[in-house]
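Good morning, and thank you for coming.

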Amino acid sequence: MMQSYDFDIKQIKNLSLEETNSRQKNLDLFFKSGFPSKQVEDWKFTDLNLILSKNFKSISNKVNFAFSEKLETIKHFEHNHIFLNNGKIISSSFAYEDTNKILIKDFDQKEPTNFNPANTLTLLNSALSSGGFSLEVTKNYKLKKPLIIYNYFSKDLDNKILNNKNFIKLNEGSELTLIDYNDGHVQSNFIKNTVDTVSLEDNAVLKNILIQESKSNGHFYKYIKSSLESGSKYENYILSSGLKLNKIEIEINLNKKDSSCTIYSALNLLDDQHQEIKTRINHNSPNCKSYQKIKNVLNDKSRGVYQGKIFVEKIAQKTDAYQLSKALILNDNAEFDAKPELEIYADDVKCSHGSTSGSIDSDAVHYLMTRGIPKKEAVKLLINGFLNEVLENINTSEIKSFLEKILEKQINGH
Amino acid sequence: MLKIKDLKATINEKSILKGLNLDIKPGEIHAIMGPNGSGKSTLANVLSGKNGYEIEGEIYFNGINLNDLKIEERAQKGIFLAFQYPLEIPGVNTNNFLKTSLNAVRKARGKKELDTLTFLKLIKEKAKELNIDEKFLSRQLNVGFSGGEKKKNEILQMKLLEPKLSILDETDSGLDIDALRIVADGVNSYKNKENAFLIITHYQRLLDYIKPDYIHVLSAGRIVKTGNADLGKQLEKTGYENLI
């Protein structure tokens, strides 16, 4: 199917001539190669161009930001919140916090200049980004309650693309649990292209939990670029089952000693859903730790991909890096691809990686059935056990039980 | 309760059971003894409904043809198999598994499903009877359990699901003397006029604690001798060779 793109920089208001020109330069560069196809190494398992051409006749960035829906928060635990519509802040509340310690505002669109032709989606993002937020926590402030970012979308998003940039900075010694929560208020067939920049100063701790609450026709791409200073900690939990297409690319730069990061993911993919997690962990300093555990259950015709690279600089001695991907493939038409990569220049490091995929343990199913549990339920119990493991390290019990419920819902097909 | 007539079972073209007959009535304890490879575990597997066997002959359980029942339906109707090697299932919480199992069985028997609080109270009681430490119940199913703990967990499931026919497949193997006594006490305390046991064992040891009404000697897929409890003691002295 031939696509037509209607990408218009004039959609974005209040741009100076200089900003318009720099955006145009990014857009021109994007058009040179277009959406990436499998010929691009980073996209060899996710042929975005093909997937989009199958699902979109035309793509436009002319998005109406008008919003009339009722805003609702979850009731499972006390939390601060930000409501976004199409990525733009509608309102926020930090009722549990000292609000002087938290800075939240619209993303300053003047900041980005990209011009990096290696990733055409980030080029497109730099050309067209609007909305987005900027969040900063001041030195030594530890938020008392988690922050949930509720992502709402307007109803008429068919054939639209949203481009958002967000910025999160935790200053020295500050702590935040951030839950990026996508609800299925919209069933439009649309694209969301997000670039997040995360900056963690000395000893800051960020827990980032990504939740897809219900099935969605969204085609999401998210690029997270983070930099970590001494002793800081960055934890990621990805529970994004339900999206038609999702690719999350996380680049973590462990720039100073004793910083550490984790990436846990639990996905149960159905129908023809396609999700890729691509990570690049740069150990740029000694004594840093990284830990990745990626778990996928593939049903129907779904496809899961994990590309994980650990890069260890020559000076990054005493690096401790680990990555593991495990997949349960429940249907002959489903597929899982894993591409683990280690590139190590230091000589005193501990790096390991592993990848397994297989079908469900039929002896375990049999055992459960001999206890009166019907096959379908037995399989679900095993899937649940397989995926739930990634939640083991969440030590706030109310958040953990909330995530367990989300995961159970996802296993039941939302 | 259980009537087996001329049962033949073949797996991968290898004939294991070659015409087995057995009749178990409510309130009875039957023991099946026999050398390795005689078909003891195959009999347990076939009764539980394990896939992969080609079966001829008849098995009736309270008048129902077992071949018509799925694996889970057999459990729901009251057949319980305590495994020789209980499986370790990573990720599955023991309590969650026990509750799912009990409620599936209760639902099939037309009883109300138990809510979490009622269940936890019940399971605590049952675990205490078997001297099972509560902390095992919040661990992953059988993962890192010792042999004895796994077997006690099987008996716990038996007492929870209240079967009519309990099949114990070499439950005594891997048990030390204390665990053996606890398992035997578990069985004896559950025994009543309504239910029956089929105890598959290699040795007389377990039968010192659980007194069988009948002992059958299985050899090469057939029952070659049936006797009372004394037969076990005799076998202990003379071995199987004289009978086969």
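Throughout, helices (H or I, at least four residues) and strands (E, at least two) are DSSP runs, numbered from the N terminus. What we are viewing is a predicted model, in which local features need pLDDT of at least 70 and side-chain atom pairs count only at pLDDT 80 or more, while totals for chains, interfaces and linings use all residues. Residues are numbered from 1 along each chain as its sequence is written, and chains are lettered from A and ligands numbered from 1 in the order in which they are written.

I begin with a helix of chain B. Just after α5(B), E162(B) takes a positive phi of about 45°. How far apart are the end C-alpha atoms of helix α5 of chain B? They are 22 Å apart, which agrees with the 21 Å that the 15 residues of this helix, 147–161, should span at 1.5 Å a residue; the expected span is 1.5 Å times one less than the number of residues.

Is α5(B) mostly covered or mostly uncovered? Eleven of its 15 residues are buried, where buried means that 20 or more other C-beta atoms, placed from the backbone, lie within 10 Å of the residue's own, exposed means 12 or fewer, and partly exposed lies in between. Among the buried residues are K150(B), I155(B), L156(B) and L161(B). The cover includes α3 (94–108), α4 (116–129) and β9 (165–169) of chain B; contact here requires C-beta atoms, placed from the backbone, within 7 Å.

Strand β9 leads us to a sheet. In chain B, six strands form an open sheet in the order β6-β9-β10-β3-β11-β12, with mixed pairing; two strands pair if DSSP finds at least two bridges between them. At the edges are β6 and β12 (222–227) of chain B, each pairing on one side only. Within the sheet, β9(B) and β10(B) (residues 196–201) are parallel and share five bridges, and D169(B) stands opposite I200(B).

Chain A has an open sheet of nine strands, ordered β5-β6-β8-β10-β12-β14-β16-β18-β20, also with mixed pairing. Its edge strands are β5 (102–106) and β20 (335–344) of chain A. Inside it, β10(A) (191–200) runs parallel to β12(A) (216–228), with ten bridges between them, and T194(A) faces K222(A).

Elsewhere in chain A, β19(A) (320–329) pairs in the parallel sense with β21(A) over nine bridges, Y322(A) having S352(A) as its bridge partner. How many of the nine residues of β21(A) (350–358) are buried? The count is zero.

Let us turn to where the chains meet. Here 17 residues of chain A are in contact with 20 residues of chain B. On the side of chain A, α5(A) supplies the largest share, six residues. That side divides into eight nonpolar, five polar and four charged residues; Ala, Val, Leu, Ile, Met, Phe, Trp, Tyr, Cys and Pro count as nonpolar, Asp, Glu, Lys and Arg as charged, and the others, Gly among them, as polar.

Finally, the nonpolar cores, each a set of buried Ala, Val, Leu, Ile, Met, Phe, Trp, Tyr and Cys residues joined through C-beta atoms within 7 Å. The largest has 155 residues, and L382(A), I167(B) and I199(B) have the most contacts inside it. The greatest contribution, seven residues, is from α5(A). L382(A) touches residues including I360(A) and V92(B).

Methods: Contact = placed C-beta atoms within 7 Å. Lists of a residue's contacts leave out its neighbours within four places in sequence.
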